[in-house]
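Please look over the protein below.

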Amino acid sequence: MALFYYYDLMSQPCRALYMFLRLNKIPYEDKLVALRKGEHLSKEYTRVHPFNLVPAVTDGNFHLTESLAIVDYVVNTQQIADHWYPSDIQKRARVMEYLHWQHLNTRAQCALLFQHLLIIPRTSGKPVDQEQVSKQRKAVQKVVQKLENYFLKNTPFISSQVITVADLFAACELMQLYAVMEEELYESSPMIKAWMKRVQHVTSPLFDETHRIVYRVRDMYKGMSISKL
């Protein structure tokens with residue numbers, strides 16, 4: 001049966017999973033779900049994802065949500081290069097350590113800053129809450145410090161000598177900051193900046209293809225910022 005992938009590349013986990021599937025040449029059919037058009041709220045999509053979120057996959061009559069569950073399913077049903085999700089139990093545990101940690105850290109804090117700078121003002125019509133933005137910038141700085149001091153302290157990639165799926169998820173979350181011109185929060189760290197360049201190099205040219213929408217949002221956000229001057 002064909003694997004169907006439901007996604008919107010504006011979503012960070014969708015981008016990470018998209019890169020994972022493409023880099024491993026996993027056969028699948030695209031099922032684009034335009035969040036900005038509310039397509040995730042349709043009755044048809046509710047049959048795919050009961051919580052009306054992305055990403056999701058279907059494999060025959062099997063429906064699965066949550067990006068990390070999908071990664072695990074693909075690893076166990078398809079042929080992938082071992083370095084992405086190592087078979088060695090301790091190496092895999094290191095990958096999973098980051099992927100569990102990132103939910104309330106890289107993912108949550110980068111997403112909240114993006115929302116306070118762009119999504120909330122656009123949907124509410126209210127000005128940016130600078131107090132909340134300042135709070136979130138500090139939260140992101142703490143995340144960057146933890147990435148430096150633990151996950152990248154002794155290895156060129158996240159807890160690994162080679163790129164893994166953890167690096168894809170981390171890079172896609174940090175790129176959400178790039179969209180709202182906050183990349184200085186991670187590029188101010190030479191270690192994080194060098195790591196990001198390694199991830200981009202290893203995944204080139206797919207990295208830029210995957211993030212085209214992020215680059216477009218950045219251009220839009222830059223125009224909004226200039227118009228307020």
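Is Tyr-5 buried or exposed? Tyr-5 is buried, because its relative accessible area is 0%. Buried means under 20% relative accessible area, exposed means over 50%, and partly exposed lies in between (1.4 Å probe, protein chains only).

This is a predicted model: local features need pLDDT of at least 70, side-chain atom pairs count only at pLDDT 80 or more, and totals for chains, interfaces and linings use all residues. Residues are numbered from 1 along each chain as its sequence is written, and side-chain values use heavy atoms, with hydrogens and water left out.

**The core.** A nonpolar core is a set of buried Ala, Val, Leu, Ile, Met, Phe, Trp, Tyr and Cys residues joined through side-chain atoms within 4.5 Å. The largest one here has 74 residues. Tyr-5, Phe-20, Tyr-98 and Trp-195 touch the most other members. Helix H7 (residues 165-179) gives this core its largest share, 11 residues. Helices (H or I, at least four residues) and strands (E, at least two) are DSSP runs, numbered from the N terminus. In soluble globular proteins, nonpolar side chains tend to be buried together.

Which residues does Tyr-98 touch, leaving aside those up to four places away in sequence? They are Thr-106, Leu-147, Phe-151, Ile-158, Ala-166 and Ala-170. Contact means heavy atoms within 4.5 Å.

**The rings.** The structure holds 10 aromatic pairs. Here are two of them.

| Pair | Centre to centre | Angle between planes | Type |
|---|---|---|---|
| Tyr-5 and Tyr-7 | 4.5 Å | 15° | stacked |
| Tyr-98 and Trp-101 | 5.7 Å | 45° | tilted |

Rings of Phe, Tyr and Trp (its six-membered ring) pair if their centres lie within 6.5 Å; planes under 30 degrees apart count as stacked, over 60 as edge-to-face and the rest as tilted.

Tyr-7 is buried, with a relative accessible area of 4%. Tyr-98 and Trp-101 are both buried. Both lie in helix H4 (residues 89-101), 3 residues apart, about one turn of the helix.

**The start of the chain.** Ala-2 lies in the segment before strand E1 (3-7). Why does Ala-2 count as partly exposed? Because its relative accessible area is 33%. Ala-2 and Tyr-28 are 26 residues apart along the chain, yet their C-alpha atoms are separated by 6.2 Å. Not counting residues up to four places away in sequence, Ala-2 touches Glu-29, Thr-58, Asp-59 and Gly-60.
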